[in-house]
Each structure stands twice: as C-alpha cells, then as structure tokens.
Amino acid sequence: MIRWSEKVATGIPKIDVQHRVLIRNFNLLEEHINNRTLNYDELNELLLFLLKYAEWHFGREEECAEETGCYIAELNRKQHEWYIKHFTRLYEEFKAIKDWTEEKLYEWASRVHKELSEWLLKHVIRTDRHIGVCMGKLKPEEVPPPEEDLT
Ligand SMILES: [Fe+2]
C-alpha cells in the first residue's frame, strides 16, 4: 500500500492530484489481490485504466517540465517512454494468456502490481519531484538526486 506523504509530493497541485489517482488505483488493485476479490474483467479494467491514465498524465507532466525548461525534462520523458513500453508489453502478455486459473491470475497480478507500483513510487520521488524544484515549489536539498537509470 502506497501512502501519500510529503515525501512523494511535487508541490505542483495538478501533478500531485494526478499522482494521487495513480496511487489510489494501484492501492485498489492491491486490495483486490489481498482480499481475493479480483477476477479477469476487473483486472483487465484496472490495468487498462492505469496504463491509459499514466499515458495521459505523463503528457501533462512533460508539458510542465518543458515549459519551465527543467533540467529533468529529458530524463523524465525517457523514463515515461520506458514505463509505457514495459506496461504495454505486460498488458499484451496478459491478453495473450487464454488459460488463466485463479492461482495464475493472482500470481501474475501480484508480480505486476509490485513491479509497476514500485517503479512509480521511485520515479515520483527521484525524478518528478525535481519538477517541483524547477517550479520553485521545493528546495533542491529536499529532493534526492535523480537516478539516471530507472528501468
Ligand atoms: Fe514523471
């Protein structure tokens, strides 16, 4: 479960709101996994939402970083590109498997949830918060240095 705190805030209201939506939906997926209330259609819907919303949100965030000429803009864009490609591959893998058993579905969903949500959290902390620095919302010393390789 990802908890919202100042440690993940960029200080930019519209970006923070969008991050909260992503976090809430990753947490919802985790809840379904833990409570064993997940089925194929629900997983399909959640994955599609998480993928499409991330795609839309990344575009808005990139505009923000570019408008301010932020030093993180290019790295941010590259990391987004990697994530969308990786997520799309995972989604295609999900759609290609036809013989899902309940066990297999839960195993797959747990692995993918862990991988994608951990990436997101790390990305927000190590990359996105630098946009907050560029926009004067955070002090440079409040943000850990960017991680060049986040794939
Ligand atoms: Fe980002």
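How close do the axes of α3 and α4 come, and at roughly what angle do they cross? They come within 12 Å and cross at roughly 175° (axes are lines fitted to C-alpha atoms, for helices over the stretch in contact, with angles from 0 to 180 degrees between N-to-C directions). That makes α3 roughly antiparallel to α4, the label for angles over 145 degrees. The α3 side of the contact consists of Leu75, Asn76, Gln79, Tyr83, Phe87 and Leu90, and the α4 side of Val112, Leu116, Trp119, His123, Thr127 and Asp128; contact here means C-beta atoms, placed from the backbone, within 7 Å. By class, these residues split into 7 nonpolar, 4 polar and 1 charged (Ala, Val, Leu, Ile, Met, Phe, Trp, Tyr, Cys and Pro count as nonpolar, Asp, Glu, Lys and Arg as charged, and the others, Gly among them, as polar).

The model is a predicted one, with pLDDT of at least 70 needed for local features and 80 or more for side-chain atom pairs, while totals for chains, interfaces and linings use all residues. Residues are numbered from 1 along each chain as its sequence is written, and helices are DSSP runs (H or I, at least four residues) numbered from the N terminus.

On its other contact, α3 (residues 73–96) pairs with α2 (residues 40–67): the axes come within 10 Å and cross at roughly 170°. So α2 runs roughly antiparallel to α3. Here the residue classes come to 11 nonpolar, 3 polar and 4 charged. Among the residues that meet are Leu47, Leu51 and Phe58 from α2, and Tyr83, Ile84 and Phe87 from α3.

Next comes α1 (residues 13–34), whose axis comes within 10 Å of that of α2, crossing at roughly 160°. That makes α1 roughly antiparallel to α2 as well. This contact has 12 nonpolar, 4 polar and 3 charged residues, including Leu22, Phe26 and Leu29 in α1 and Phe49, Leu50 and Tyr53 in α2.

After α4 comes glycine 136, with a positive phi near 75°.

How values were computed: Helices (H or I, at least four residues) and strands (E, at least two) are DSSP runs, numbered from the N terminus. Angles under 35 degrees count as roughly parallel, over 145 as roughly antiparallel, 65 to 115 as roughly perpendicular and the rest as oblique. Two residues are in contact if their C-beta atoms, placed from the backbone, lie within 7 Å.
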